[in-house]
Amino acid sequence: MKTYTSRYPIDLAAWGSLKAHAKQQRKTSTATLFRRDKSRAERFSLRAGELVVDYSRQNITPRTVQLLTQLARQTDVVMARDAMFAGAAINTTEERSVLHVALRAGARDTFSINGENVSPEVRRVRRQMLRFVDGVHKGEITGAKGKTFTDVINIGIGGSDLGIVMATTALRHVASGLSVHTVSNVDGTQLADLMTTLDPARTLVVVCSKTFTTLETMSNANTARAWISRSLGESAVRHHFAAASTNHPAMDAFDIDPDRRFGFWDWVGGRYSLWSAVGLSIALGIGSVNFKALLAGARSMDQHFANAPVPDNAPIMMALLGIWNSNFLGTASQAVLPYDNRLERFPAYLQQLQMESSGKRVRHDGRDVRADTGTVIWGEAGSNAQHSFYQLLHQGTRVIPADFILPIRSSGATQAQQDLAIANCLAQADALMCGYSEREATQELRAKGLSSKRATALAKHKVHEGNRPSTVVMMKALTAKTLGELIALYEHKVFVEGVIWGINSFDQWGVELGKKLAKSLEPAVQDPRLAQNSNDSTRRLLRQAKRWRSR
Ligand code: F6P
């Protein structure tokens with residue numbers, strides 16, 4: 001099966017037309033387009049599962065959408081999508097299929113790789129995992145001293161951490177009662193803090209690592225192991241540890257009880273893995289019913305992605321808008337702004353999803369991409385962000401498109417406060433688009449009684465250029481199901497962008513070099529003389545570090 005097209009997007013007719021169209025579109029005011037076209041909001045809104053995606057504030061016209069749709073056709077987006085769902089080895093550099101969609105499949109769905117049906121094995125591991133989760137929640141599975149677990153420490157990093165942090169934070173309002181803590185960074189401080197507050201007899205440690213070799217994870221896991229063994233005895237390790245991994249020999253060496261190992265497969269990429277056994281700590285945190293709802297939400301987005309025609313397909317449309325903004329309107333970064341504090345880690349989650357997937361400079365076949373890829377993703381929960389960096393969004397010299405994520409029902413206790421969040425979110429989206437002209441500012445200042453001279457001078461500082469694009473992704477409530485839909489929406493968006501650029505969105509060779517260098521520098525931290533092959537700066541810094549380490 002053909003998995004990617006060899007044609008450069010920049011050589012396609014649609015790309016050329018979009019370039020010419022962008023020149024004109026840059027000068028067009030979106031607010032004016034709204035005034036001219038009463039159906040604009042309806043025309044540029046989509047429904048995908050329980051999500052409403054309103055992209056009417058993007059700097060587009062029907063012609064833009066028509067050309068973007070042509071670009072999707074000419075870059076064979078549908079063929080690539082179908083190849084992914086069919087289990088083709090679209091991760092070409094690692095020669096792997098990419099089938100995270102199989103992890104959230106329904107009871108009757110079947111996914112195959114080279115003719116082998118992987119779905120029964122997926123269901124078997126999920127049953128094993130959720131039996132374990134239920135056993136912990138019911139108090140049937142306890143610690144070595146027979147005490148029920150109250151706390152879980154998930155030890156993992158990157159894709160074995162970010163989804164867990166994000167989802168357990170987002171779904172705190174449906175938490176099971178077990179507190180989930182996460183430990184990722186190599187410096188060990190997260191674990192040090194937890195070891196002083198948690199009761200080891202009531203703590204379950206989940207080591208989450210596809211490879212079970214990652215430096216950060218293994219050094220933290222070894223520290224946690226020493227803590228449990230010191231506090232409760234070596235034989236307690238088997239009772240207090242569980243693992244999600246594909247590396248059985250390494251789990252043997254660590255002495256993870258075979259009944260507490262939850263496997264997955266090489267066709268599950270790290271940043272696409274929260275739906276697999278990597279989600280064990282999520283399921284422990286929110287319960288198996290909610291975990292299944294999370295999967296069901298993702299599945300509903302998968303079905304939408306697999307079946308909706310291109311202009312009505314939310315992930316494809318969002319990808320096309322991403323390409324439009326970055327490759328044609330010249331934006332280099334994208335803000336993600338959720339208006340529910342529980343989604344505060346969603347931007348960090350998207351950073352890995354998007355930047356590890358799209359930060360590539362060569363195509364599948366190794367040729368240079370010849371177009372900008374990987375947008376910088378960043379963001380923060382809405383209201384906090386307003387009082388931090390929105391100044392730059394409104395008046396900075398660079399245009400930064402924004403995605404607003406807006407749940408309508410409060411996930412806390414007070415709808416009145418969520419109503420304020422709704423008002424703020426929509427007000428910000430409008431302010432970014434409509435702006436505030438010098439004339440409006442001058443008039444308002446004059447009306448407040450300022451002299452003409454002072455009003456004219458001050459008005460310049462109050463101008464908001466406007467025409468800053470945004471999309472509002474709205475949902476009735478933040479639930480396990482809608483969170484699943486939201487995550488899958490972005491997963492597929494990132495994939496489609498990669499298809500258009502012709503890159504492999506599923507490898508991450510760019511993280512290897514730094515890891516290799518760190519390994520070679522490890523001994524030099526103790527003895528800087530061993531850094532003779534490093535540059536002068538590194539050698540000097542290591543010498544200074546040694547002086548400070550020993551004093
Ligand atoms: O940072 C690189 C990376 O390979 C990520 O893609 C992955 O999510 C993370 O490391 C963790 O890897 P593992 O699950 O094997 O410990």
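This tour goes from the ligand to the strands, one selection at a time. The model is predicted, and residues are numbered from 1 along each chain.

**Stop 1: the ligand**

The ligand sits in the largest pocket.

**Stop 2**

- Ser209: a side-chain N or O atom lies 2.6 Å from an oxygen atom of the ligand.
- Thr211: here the distance from a side-chain N or O atom to a ligand oxygen is 2.7 Å.
- Glu356: its side chain has an N or O atom 2.8 Å from an oxygen of the ligand.

On its own, the ligand has 390 Å² of accessible area, and the protein covers 86% of that.

**Stop 2: the parallel sheet**

Hide the surface and go to cartoon view. Select β5 to β9. In what order do these five strands lie? The order is β6-β5-β7-β8-β9, in an open sheet with parallel pairing. Select 179-183 for β6 and 261-262 for β9 to see the edge strands, each of which pairs on one side only.

Next, select residues 203-208 and 241-244. These are β7 and β8, which run parallel and are joined by four bridges. Zoom in on Cys208. Opposite it, in β8, stands Ala244.

In general, strands of a sheet pair through backbone hydrogen bonds, either parallel or antiparallel. The next stop shows the antiparallel sense.

**Stop 3: the hairpin and its neighbor**

Select residues 45-48 and 51-54. These are β1 and β2, an antiparallel pair with four bridges. Ala48 stands opposite Leu51 in β2. Look at the turn of this hairpin. Two residues lie between the strands, and Gly49 takes a positive phi near 60°.

Which residue in β13 is the bridge partner of Asp54? Select Val472: that is the partner.

How values were computed
This is a predicted model: local features need pLDDT of at least 70, side-chain atom pairs count only at pLDDT 80 or more; totals for chains, interfaces and linings use all residues. Side-chain values use heavy atoms; hydrogens and water are left out. A polar contact is a pair of N or O atoms within 3.5 Å; within protein, one must be able to donate a hydrogen and the other to accept it, and residues adjacent in sequence count only if both atoms are side-chain atoms. Accessible areas come from the Shrake-Rupley method with a 1.4 Å probe; for residues, only the protein chains shown count as cover. On a 1 Å grid over the protein atoms alone, a cavity is a set of points where a 1.4 Å probe fits but cannot get out, and a pocket is an open set with protein on both sides within 12 Å along at least five of seven lines; lining residues have an atom within 4 Å of a point. A molecule sits in a cavity or pocket if more than half of its atoms lie within 2 Å of its grid points. Two strands pair if DSSP finds at least two bridges between them.
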